[in-house]
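Student: I would like to learn how to read a ligand site and a nonpolar core from coordinates. Can we go through one case?

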Amino acid sequence: MEQVAVVGSMSDPRLGFIGLGIMGRPMARNLMKAGFSLVVWNRSRAGIDELVAEGALEAANPRAVAQASDVVVTMVGDVPDVEDVALGRDGIISGAHSGLVHIDMTTISPDATRQIAERLAEAGVRMLDAPVSGGEPGAIAGTLSIMVGGEEAVFERCRPVFEALGKKIVYCGPSGSGQVVKLCNQVVVGLNNLAVCEALVLCVKSGVDPRRMLDAIGAGAASSWAVLNLAPRMLDRDFRAGFKVEHQLKDLDHALATANAAGISLAGTELVRDLFALLTAEGLGEEGTQALVKTLEAEAGIEVGG
Ligand code: NAP
């Protein structure tokens with residue numbers, strides 16, 4: 001592949017940001033706080049006015065973002081959404097110029113990532129896949145874990161961008177590797193969530209105060225992000241989304257497809273995936289992933305909190 005300078009000046013790159021949702025909005029804000037100049041675009045008005053009031057410039061579409069930037073970050077939904085903003089008629093590719101880098105931080109499939117990266121490379125655009133873990137609180141605090149795939153030299157040059165967003169930044173390997181690691185993360189997150197739901201239902205059905213159970217196990221070997229963050233929300237009946245059910249379902253589908261391609265099966269992941277599919281079919285796809293407890297409550301005939 002032809003070697004091109006990544007940006008005119010990587011010490012002071014012009015950044016673009018596309019996708020100002022739950023995660024994208026605080027991430028964009030942290031880039032500005034770190035001193036980067038930022039051009040933003042979002043499909044709906046949501047988020048744009050807020051960031052423009054804080055100093056961002058607004059672009060008309062992803063092409064205009066690319067034309068005005070050295071590095072464009074995307075944080076959208078799933079594969080078709082990244083394809084739209086990267087390869088669509090008004091996509092990043094149509095604003096390609098020498099040295100442009102696209103950092104996709106959406107969680108999508110490793111295969112799709114490699115295909116998009118190849119199409120962009122044909123137009124001279126370098127792509128890194130850099131999905132994140134740490135949820136909305138991590139996005140707000142700038143403490144995300146970031147797992148990066150793509151050319152290592154491009155990754156190193158983009159390190160200042162990652163450092164403004166996260167505290168654990170790991171280069172994982174060639175294109176698609178960051179997404180593979182993120183899918184491993186989602187397998188662990190999904191199964192942890194189910195374990196918490198089962199423990200809560202078992203505890204309540206056995207007549208013990210679930211808050212005392214959480215107090216005890218939260219300090220021991222069973223502690224996890226799900227125990228500390230999701231379980232209290234289940235007990236408070238707070239099902240607002242930090243991370244949406246529909247996104248967890250999407251991630252587990254990508255994990256299972258990736259496992260299938262590797263010739264293995266993931267029995268636990270399949271089970272959790274089916275429970276998230278059930279919630280989505282019931283119209284709860286926009287709720288937070290702590291809503292998983294509802295599937296077990298229905299079976300047990302109880303509610304764990306309230
Ligand atoms: P979200 O709140 O639904 O935001 C998605 C953003 O993408 C919105 O700004 C949306 O625009 C935009 N978008 C979606 N489809 C688009 C399209 N076809 N063209 C242009 N823009 C499009 O989701 P989120 O929670 O921020 O998650 C974003 C990504 O990060 C997902 O892949 C998710 O799996 C991953 N993630 C989320 C978390 C979390 O805790 N929330 C943690 C780690 C990773 P509109 O405003 O117009 O809808």
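The dialogue below takes the ligand site, then the cores.

Tutor: This is a predicted model, in which local features need pLDDT of at least 70, side-chain atom pairs count only at pLDDT 80 or more, and totals for chains, interfaces and linings use all residues. Residues are numbered from 1 along each chain as its sequence is written, and side-chain values use heavy atoms, with hydrogens and water left out.

Student: How many residues surround the ligand?

Tutor: A residue is near a molecule if one of its heavy atoms lies within 4 Å of it. Here 26 residues surround the ligand, and Asn 42, Gly 77, Gly 242, Lys 244 and Lys 250 are the closest.

Student: Which side chain has an N or O atom 2.7 Å from an oxygen atom of the ligand?

Tutor: A polar contact is a pair of N or O atoms within 3.5 Å. The side chain of Lys 250 has such an atom, 2.7 Å from a ligand oxygen. The protein covers 89% of the 900 Å² of accessible area (Shrake-Rupley method, 1.4 Å probe) that the ligand has on its own.

Student: Which residues touch the most other members of the largest nonpolar core?

Tutor: A nonpolar core is a set of buried Ala, Val, Leu, Ile, Met, Phe, Trp, Tyr and Cys residues joined through side-chain atoms within 4.5 Å; buried means under 20% relative accessible area (1.4 Å probe, protein chains only). The largest has 35 residues, and Phe 17, Met 27, Ile 103, Met 105, Ile 146 and Phe 162 touch the most other members. Apart from this core lies another, of 30 residues, including Val 201 and Leu 275.

Notes. Polar contact = N/O pair within 3.5 Å; in protein donor to acceptor, adjacent residues only side chain to side chain. Buried < 20%, exposed > 50% of the residue type's maximum accessible area, 1.4 Å probe, protein only.
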